Amino acid sequence: MPQQDQRKMDLARRLLRHYQAGTTDSAPDVMAMPVDAYLDPDRYRAEVDQVFKRHPLALALSIEFPEPGSWRAMTVLDVPVLMVRGKDMRVRAFINTCRHRGAPVCENGHGLARSRKFSCPYHAWVYDDRGRLTGMFGASTFGDVDRADLGLTELSCDEVSGLIWVTLTPGLRPDIRQWLHGFDKEVDTLDLGNWYLYDQRAFEGPGWKVTWDGYLEGYHQEAVHPETVGKNTIANLMAHDTYGPHQRFVFGRKNLGQLADIPEDEWVPDDHIRLIHSGFPNLSLSGVIGGFCLASMVFPGKDLEHTVTIQNVLVHKKPETEAEIEAAEVFSRMGLIAVRDEDYDLGFKIQAGLASKGNQAFLFGRNEPTLQHFHKWIAKLCEEAKAEAA
Ligand code: FES
Ligand SMILES: [Fe+2]
């Protein structure tokens, strides 16, 4: 059996044991988190600077860049980013501001630049797929400048495990493998580079911590999602592993208990478990039904009460027949309803009540080890950055 199937077998065994015992992977204690952690604007600013701007973020999927010249431009936090696959097949990321006087060299969006050139809309300076300044309109009249110094400002960018990881601060070059702590090996089992991107949409959510609190546990599945993802998933049952700040957790599908009656050598773990990979601080890869996956990237939005989510609907292979297209559509609709209309709708209400002082602290149960891990890592990274600055 291939290694990845062995991993899934182990996970299925762990979940089945919990299911039979009425237990779940747990933290040692209940953890209390003062609600100030969700409200304090200084703390939020520090988190944006120390968590989101200093470490690699998963900004896009490799499959969005199928060929040289494939590009995507997006504004993340306040940073305009242009990603492009070069002729050498490497994806690079740049700050999307022209070095003449700052215009974005292309509009936010995505596409294929067959010429692998980007011409600034202001005075038509031209950049290539490596960000080099290759053309200046009226160059002989402009005066003496060193073009080699006037390439687009490059950001650290790595393509790992079917994802494009970018660090938003120029000059910072974190080691991606070190940052991922082996999480990449887990994500590799999904083979993200070979899926089909069925849909991509962006929508607003509540503040980033309220939003992630919803992504990171299965305790609420049946109460919040009885007609969508809760239909397929056993609530409050989880196998949990961590990789530095990142996490992989596994839920049982409703038919998990059937495994007890099937000889192990006949198990098909994918039919009974549901893997979720959570890349700190902005990525969720969630397999809900076999052959379908939601890849969500969540970014702080206009203020501490808002986020923007880019939700990618992935299908294992391009749907061709009417039945395959219908199945993809059903999954896609379910993903949108479960996240936007169920999780985020509730999240906005939580967000609106935060300042009421009805709670001095929020509680993360022993059965919510994922949330405990997430919040501890936010604090740890902010403290480390503070210590470095001191
Ligand atoms: S700002 Fe881009 S060419 Fe002038
Ligand atoms: Fe949810």
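# Asking how we know

Author: In this predicted model, the protein chain has ten helices and 20 strands. Ask away.

Reader: How do you know whether the size of the protein chain agrees with a compact globule?

Author: A compact globule of 390 residues would have a radius of gyration near 21 Å, and the protein chain has 22 Å, so the two agree. The C-alpha atoms fill a box of roughly 80 × 55 × 35 Å along the principal axes. Buried residues make up 41% of the 390 residues.

Reader: What share of the contacts joins residues at least 24 apart?

Author: Taking contacts between residues at least 6 apart in sequence, 63% join residues at least 24 apart.

Reader: Which domains is the protein chain divided into?

Author: Domain 1 covers 3-54 + 181-389, and domain 2 covers 60-173. Their C-alpha centres lie 32 Å apart.

Reader: How do you know that domain 1 and domain 2 are in contact?

Author: Two residues are in contact if their C-beta atoms lie within 7 Å. By that rule, 15 residues of domain 1 are in contact with 13 residues of domain 2. On the domain 1 side, α3 (41-52), α6 (183-188) and β18 each supply at least two residues. That side divides into nine nonpolar, two polar and four charged residues.

Reader: Which residues touch the most other members of the largest nonpolar core?

Author: V81, M83 and V166 do, in a core of 87 residues. Strand β18 (residues 292-300) gives the largest share of this core, seven residues.

Reader: Why is this core said to lie between domain 1 and domain 2?

Author: Because domain 1 and domain 2 both give residues to it.

Reader: What does M83 touch?

Author: Leaving out residues up to four places away in sequence, M83 touches L59, A60, W71, R72, V91, A93, C157 and I164.

Reader: Why is V210 called buried?

Author: The cut-off for buried is 20 or more other C-beta atoms within 10 Å. V210 has 23 C-beta neighbours inside 10 Å, so it counts as buried. You'll find V210 in helix α7 (residues 208-215).

Reader: What is V210 in contact with, leaving aside its neighbours within four places in sequence?

Author: Y38, G347, I350 and Q351. As for D341, it is 131 residues from V210 along the chain, and their C-alpha atoms are separated by 15 Å.

Reader: Is R116 buried or partly exposed, and why?

Author: Partly exposed, because R116 has 19 other C-beta atoms within 10 Å, while buried needs 20 or more and exposed needs 12 or fewer. R116 lies in the loop between β6 and β7 (117-119).

Reader: Where is S161, then?

Author: In the loop between β11 and β12. With 24 C-beta neighbours inside 10 Å, S161 counts as buried, because the cut-off is 20 or more.

Reader: What makes β11 and β12 a pair?

Author: Strands pair if there are at least two bridges between them. Four bridges join strand β11 (residues 157-160) to strand β12 (residues 163-166), and the two run antiparallel. β11 and β12 form a hairpin with two residues between them, and S161 is in the turn.

Reader: Why are β6 and β10 said to stand at the edges of their sheet?

Author: Start with the order. The open sheet of five strands runs β6-β3-β4-β5-β10, with antiparallel pairing. β6 (109-112) and β10 (154-155) each have a single partner strand, so one side of each is left without a neighbour in the sheet.

Reader: How do you know that β3 and β6 pair?

Author: The rule asks for at least two bridges. Strand β3 (residues 70-76) and β6 have four, in the antiparallel sense. Within this pair, S70 stands opposite L112 in β6.

Terms used. Residues are numbered from 1 along each chain as its sequence is written. Chains are lettered from A and ligands numbered from 1 in the order in which they are written. This is a predicted model: local features need pLDDT of at least 70, side-chain atom pairs count only at pLDDT 80 or more; totals for chains, interfaces and linings use all residues. A nonpolar core is a set of buried Ala, Val, Leu, Ile, Met, Phe, Trp, Tyr and Cys residues joined through C-beta atoms within 7 Å. Domain bounds come from an automatic or database domain assignment. Ala, Val, Leu, Ile, Met, Phe, Trp, Tyr, Cys and Pro count as nonpolar, Asp, Glu, Lys and Arg as charged, and the others, Gly among them, as polar. The radius of gyration is taken over C-alpha atoms; the globule rule is 2.2 Å times the number of residues to the power 0.38.
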